[in-house]
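My entries follow in the order in which I looked things up.

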Amino acid sequence: MTAAALSALLGHWRRHPVQLAMLLAGLALATALWSGVQALNAEARAAYDRAGALLGEAELSRLEAPAGLIDPADYIALRRAGWRVSPIVEGRADLGATRVTLLGIDPLTAPAGPAATDLPEADPAAFLVPPGLGFAAPETIREVGEAPFPLIAAPEVPVGQVLVDIAIAQAHLGLGGQISRLTILPGQPRFVPPLAELVPHLQRVDPGEETDLAALTDSFHLNLTAFGLLSFAVGLFIVHAAVGLAFEQRRPVFRTLRALGLPLRRLMALLAAEMLLFGLLAGSAGLVLGYLVAGALLPDVAATLRGLYGAPVPGALAFRPEWAAAGLAMAMAGVLVAGGQSLAQLARLPILAPAQPRAWARASGRAMRLQGAGAVALALVALTLTFRGEGLVAGFVLLAALLLSAALAVPLVLAALLSLGERLARGPVAHWFWADSRQNLPRLSLALMALMLALAANIGVGTMVSSFRATFIGWLDQRLAAELYVTARTEAEGEELRAFLEPRSDAILPVWYAEATVAGRPARIYGTKDHATFRDHWPLIAEGPNPWDRLAAGEGVMINEQLARSADLWPGDAVVLPGAGRFDVAGVYSDYGNPNAQVMLGIDAFLAAFPRAPRLSHAVRMDPDEVPAMMAQLQDRLGLPATMMSDQAQAKAVSLQIFERTFVVTRALNILTLSVAALALFASLVTLSGMRMAQLAPLWALGLTRARLAALDLGRGMVLAALTAVLALPVGLALAQVLLAVINVQAFGWRLPLQLFPGDWLTLGFWALLAALAACALPALKLARSAPADLIRVFVQER
Amino acid sequence: MTRPSPPPTGSEVAARAALETRDLVKRFRTGEGPVEVLRGVSFTLTPGQSLALTGESGSGKSTLLHICAGLEPADDGAVLVQGHDIARLSEAESAALRRGTLGLVFQQFNLIPSLDVDRNLSFQARLAGHHDPARIAALAERLGLAALLNRYPEELSGGQQQRVAIGRCLAARPAVVLADEPTGNLDEATGDAVLDLLLEACRDAGAALLLVTHSQRLAARCDGRLHLQSGRVAPA
């Protein structure tokens, strides 16, 4: 009985291969986008873990200074007291043609991680004695190019990091003898004084806590995950639509099978097994596709993570069973969620339930009322979170509530608009057109909801990126006002450089900084010279009275927006800078593209507080026409490599390039999501076209030509797509506002003004209608070319 | 061959015939080779006249009706509606003929599910440009549908739906009504009532009626009868 029933059920797919293809394609695409994003996240997280494991720190406790850096005297005190600790220095530095993370270790005390055991053999003296020796991944060595010390290829070292002796790192980072952290080694002597007595100002951090990098990049990965989830949801709409329509089409088969004695439970089990089989097939295909998507996107994601956070993520993808298993599980869960509603409906359906279209629409009418209530409830959640929500997770819940509420409202609004069209229609065909569109709306509503979500996401993310871009370009013009940027390799070279530039430029503005912890956050404190460059150009978003005078006098500091928002520090508040004292916040400036806190301190106060800060980088104000000649002179006279200099245009180009790369992934996922939505519409229309024959044949018999019916069907699809696109616009703008004012603030610490780009909307509308045209064209063409015999079959099959 | 009597002369037929078929032949291709469904069927139907088309299942009745309606082409022979050979019409002209001259009534009613009774009744008349609200109202009254105008097809019984289908057909003032087993889905009493209406309405409107039916009893109520057997006209 089971085999016979299964054969009858599967017969549907043999007769409707396109519908089966759409179902599998929808699920495969949904899984692909989701698992692709998960593959990217898994690769990045594995890289963070590798970075933690390099020095064996993942299993060891460490000591950190809440103020930022550990004084060497603390280290000496601990060693003298018998504590077995190993010092580590870590910081970002320009090395050759790129920026890397310098990791300085003491080879004599370093714990037994891969750094101590697996690195290639090298001369220990060369490692310890200046200029030193560095170990780095081959990819990093290629990016660095010419370095001030030899680099040895070591694949164990995470990409973007360079492992050197601690003294070499301290020199390059300008830290003097200061230490980033102390690793507490295993096998401590039994009777050592407690840490609380020896170094009460240091904080012990036990292993198992999230690594700094993982914490720092959490928001980036959350953003990616949210987009992956959105794509998955859009893909699931296709599956839901295809499964729902297949259930409806097979209702006579269900009726017959049950009438012939197949128990309901067996029928449901067979249908569930069928769906799981589809989930397995499409999920596997989706994993392969997802791997390809992730492989294509990883170089840009890696570049973004390295550029923004200094995270050591390689540009090549490795297969990881965890994301593959998770992707497959999502596919199975997705197909069950999509089919669950139909199964539940089947369980409640009387054996001989009628399958009339209007009855179906009326039943859907009840569902629509429920949907409307859901939309209102979710809108209220979104509204509440807008005013009361805090934190990134609340931001994403707001985003999800907003999108889901809008998606649920789409069929209701469309039904109202189609009713209006029906009321205003003149002529029988126009009247039928609107009434018929309204009747078929429930069958298309899932696809239209998917289209609305994809379009709204496109408008929202597009508006956010374009607003960001416009603001960023203006900000770059303000921020990169100097004509030339030069970095010396050593302190001596820095001094020589300043002496050389002094008589040949209008002003030399130091770009000197010290790492510290400000308001509990890792921060960089810059010494700032009082100059018109800052007074005229610096992009302040909030300021107290005479901010620049107070900065120059050492009475106040400027802080970046990230610090202001995360610590809620604004002009008039006070902030403590470790080693420098307490200062009033004189102003807040925008600082896009930097996830960390930043403080500007007057140069005199800075030098007094951080006398050992490296004095290597400088911004030079001069006649722009003389920049090329000056760069040539610096190369010839001081032997400064070209990679240590950049003019304003170069600096802007590099910043813009980093910016553009940051959004490559977003744009790619955007386009993929829209493609999935177009496929959803296509799948629904193709499936529907098979069922439409019975509705259209009588009209043909009554005197409407096939070409006219096809044109009307095409028009119906286009009208619905156009109305959906119009509805997506306000939703997209609301989404952009949430991204700019909530998510960005929570994730990155900056808020941007919303700007409108109607040209982009028209372009997107054009593409959406083109996608809808492509989706509607095939069923319409099929109808226009259908043989009279196909239409007559509708009347003949009645008997 | 049974013809409606008395047989008119050729010139009279040309002048009076609402529907005429001449030696119609229709073949279908099957897995076992071509099958001839109609083998030289000829008949003439004058305005106001009713003709019952009977025969066993598969005898070619519905195919003949579809060819007469221009829904399907004949392989040989001709169909003339009010003297026009429908084989020579373009698809648009054929559609116009179905809108304005022919009226179709199906066994399954084929009402438009998205439109209410009122809109269904007036649909074809509006398509044909013959919309007359007073006539629709009178038809609705006569067909017992006046109280059901705001209902949708699935809210009606089979008999009510078939009355709407007949009303839709007659509202367009067709010259020829082609009805394919219009009472096949109805019980005997309802079927009789529906047929009464159809015959009476056609007679009043002067429309010719070609009625496909299995029922000898219903066929006997028409002016003439055409019996098909294996694609040929045969004695009833």
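I looked up how E2(A) and E3(A) pair and found the antiparallel sense, over eight bridges. Strands pair here if DSSP finds at least two bridges between them, and strands (E, at least two residues) and helices (H or I, at least four) are DSSP runs numbered from the N terminus. E2(A) and E3(A) form a hairpin with two residues between them. In the turn I noted A:Gly96, with a positive phi of about 60°. A:Leu95 has A:Thr98 of E3(A) as its bridge partner.

A note on the source: this is a predicted model, in which local features need pLDDT of at least 70 and side-chain atom pairs count only at pLDDT 80 or more, while totals for chains, interfaces and linings use all residues. Residues are numbered from 1 along each chain as its sequence is written, chains are lettered from A and ligands numbered from 1 in the order in which they are written, and side-chain values use heavy atoms, with hydrogens and water left out.

I followed strand E3 (residues 98-105) of chain A to strand E6 (residues 161-165) of chain A; the two run parallel and are joined by five bridges. A:Thr101 is partnered by A:Gln161 in E6(A), and A:Leu103 by A:Leu163. I also checked how covered E3(A) is: six of its eight residues are buried, where buried means under 20% relative accessible area, exposed over 50% and partly exposed in between (1.4 Å probe, protein chains only).

In which order do the eight strands of chain A lie? I read E5-E4-E6-E3-E2-E7-E1-E8, an open sheet with mixed pairing. Strand E5 (151-153) and strand E8 (203-205) of chain A are the edges, each pairing on one side only. Neighbouring strands are turned by 30° against each other on average, direction ignored. Helix H3 (residues 72-80) of chain A packs on the sheet and touches strand E1 (62-64), strand E2 (85-95) and strand E7 (181-184) of chain A, contact meaning heavy atoms within 4.5 Å. The direction of H3 makes about 155° with that of E2(A); axes are lines fitted to C-alpha atoms, for helices over the stretch in contact, and angles run from 0 to 180 degrees between N-to-C directions. Helix H7 (residues 166-173) of chain A lies across E2, E3 and E6 of chain A and runs at about 40° to E2(A).

I searched the whole structure and got nine aromatic pairs over all chains. Rings of Phe, Tyr and Trp (its six-membered ring) pair if their centres lie within 6.5 Å; planes under 30 degrees apart count as stacked, over 60 as edge-to-face and the rest as tilted. Why is the pair of A:Trp13 and A:Phe278 edge-to-face? It is so because the planes stand at 90°, with the ring centres 5.4 Å apart. A:Trp13 is in helix H1 (residues 2-15) and A:Phe278 in helix H11 (residues 264-309) of chain A, 265 residues apart. A:Trp13 and A:Phe278 are both buried. I then took A:Phe534 and A:Trp548, a stacked pair at 6.3 Å centre to centre and 25° between the planes. A:Phe534 and A:Trp548 are buried as well. Ring pairs join A:Phe534, A:Trp538, A:Trp548 and A:Tyr589 in a cluster.

Entry 5, strands of chain B. Strand E1 (residues 19-30) of chain B runs antiparallel to strand E4 (residues 76-81) of chain B, with five bridges between them. B:Thr21 stands opposite B:Val79 in E4(B). E4(B) is also joined, by two bridges and antiparallel, to strand E5 (residues 84-85) of chain B. B:Val81 stands opposite B:His84 in E5(B). In this hairpin, with two residues between the strands, I noted B:Gln82 with a positive phi near 50°.

I found B:Thr213 in the loop between strand E8 (208-212) and helix H8 (216-219) of chain B. Is B:Thr213 buried or exposed? B:Thr213 is buried, with a relative accessible area of 6%. Not counting residues up to four places away in sequence, B:Thr213 touches several residues, including B:Lys61, B:Glu181 and B:Leu218.
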